[in-house]
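Reader: I'd like to learn how to read strands, a packed helix and a pocket in a model. Can you take me through them one at a time?

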Amino acid sequence: PVITGSDEEDDSDSSTKPIRSEKKKNPVSLFQTGGDPPKEKKTKKKAPPKAADSEEETPETPQKNSNRKGKGKKSKKVKEERPPSPIIEVDNLEEFVLRPAPQGVTVKCRVTRDKKGMDRGLYPTYYLHLDNDKKVFLLAGRKRKKSKTSNYLISIDPTDLSRGGENFIGKLRSNLMGTKFTVFDSGANPDRANADWSNVRQELSAVVYETNVLGFKGPRKMTVIIPGMNADNERVPIRPRNDNDGLLMRWQNRNMDNVIELHNKAPVWNDETQSYVLNFHGRVTHASVKNFQIVHSSDPDYIVMQFGRVADDAFTMDYNYPLCAVQAFAIALSSFDGKLACE
């Protein structure tokens, strides 16, 4: 079978290195693109990232299935490699979910899929919580019913998934083929722009899935396109005035000013398990074609985001700077979409 997401890996494989690699190269520099016009500044709320590394939670022990190659004895090493789960302060939910992860901190989350109810099988609701003792709720997402293309609403209220509500914080929209996705914040459509365009929605990211020879059954190839960061480590606002100016078109035309291209890390074929595997450092326990890690080609050891199955309807989702929760959650939602989900 062609699966990804086992923790079993040859110890010599490069991806067993620690998730953090600041010593080698400062990951922040990978995402800096410089400019945004100063007039945008006033619309930004700046909140200092709050994250104290003081209370160290015990890292998870390696999964049983990773002991085959004598990894069980190395729990001390695993402890050093795994950054402690930081205490993440979610003071203002709306601000927090749009704020980039603090540098050097992995924000660890859990996505649960709820298929209850009459049409939930077709339109499940997805919930994002912090993966810590308090299980703080962050976001909910659900596919809209009467939409020609896949269209997911993202809300900061688990009970209000309406487009008009004040809890609407973003959306994920696919192309007709269901292979390209764009993530928007809650701003207005360019058709309803005010004079200075300040109310127009930002594009927060885009995801492109490519098929390979096995269709979507083999390891998927994902390209993730995100706005770059300015010198203040804030996201450069990308507010397209029409469909030809969005992240996808910029990427297709190789107009990469203020745009960063990321990819999923290619899994490695393992003869012993006859499957494709990636090392998730104990955060993913079930094989699935949905499991993925997103990296920058200049530093494949710095995991910008990872996502993988831990139970039938539960997944871990961890993200690092420069992603925010809305970007990471929307990228994860895209992987559930019907055209791709052919497990």
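**A strand on the inside**

Author: Start with E14: it is largely enclosed by the rest of the structure, because 5 of its 5 residues are buried. Keep in mind that this is a predicted model.

Reader: Which residues cover the two sides of E14?

Author: Phe292, Ile294 and His296 sit on one side, Gln293 and Val295 on the other, and they are all buried.

Reader: Which strands does E14 pair with, and over how many bridges?

Author: E14 pairs with E11 (residues 259-264) in the antiparallel sense over 2 bridges, and Asn264 stands opposite Ile294 there. With E15, also antiparallel, there are 5 bridges. In that pair Val295 faces Ile303, and a hairpin of 2 residues links E14 to E15.

Reader: How many strands close into the barrel, and in what order?

Author: 12 strands, with antiparallel pairing, in the order E3-E4-E5-E6-E7-E8-E9-E10-E11-E14-E15-E16. On average, neighbouring strands of this sheet are turned by 20 degrees against each other, direction ignored. For one example of a pairing, take E3 (residues 107-114) and E4 (residues 125-130), joined over 6 bridges; Arg110 has His129 in E4 as its bridge partner.

Reader: Where does helix H5 pack, and how is it directed relative to E9?

Author: First the general idea: an α-helix has 3.6 residues a turn, so residues three or four places apart point the same way. Here, H5 (residues 325-335) packs on the sheet and touches several strands, including E3, E4, E14 and E15, and its direction makes about 25 degrees with that of E9.

Reader: How many residues of H5 are buried?

Author: 11 of its 11. Among them are Gln327, Phe329, Ile331 and Leu333.

Reader: Is Ser205 buried or exposed?

Author: Ser205 belongs to strand E9. It counts as buried because its relative accessibility is 0%, and the cut-off is under 20%. Leaving out residues up to four places away in sequence, Ser205 touches, among others, Thr182, Ile225, Leu247, and also Gln327 and Ile331.

Reader: Which elements each supply at least two lining residues, and what is the make-up of the lining?

Author: Strand E7 (168-174), strand E8 (180-185) and helix H4 (247-252) each do. The lining divides into 7 nonpolar, 8 polar and 7 charged residues.

Key: Residues numbered from 1 in each chain as written. Predicted model: local features only at pLDDT ≥ 70, side-chain atom pairs only at ≥ 80, totals over all residues. Heavy atoms only, no water. Helix = DSSP H or I, 4+ residues; strand = E, 2+ residues; numbered from the N terminus. Nonpolar A, V, L, I, M, F, W, Y, C, P; charged D, E, K, R; others polar. Pairing = 2+ DSSP bridges. Axes fitted to C-alpha atoms, helices over the stretch in contact; angles between N-to-C directions. Contact = heavy atoms within 4.5 Å. Buried < 20%, exposed > 50% of the residue type's maximum accessible area, 1.4 Å probe, protein only.
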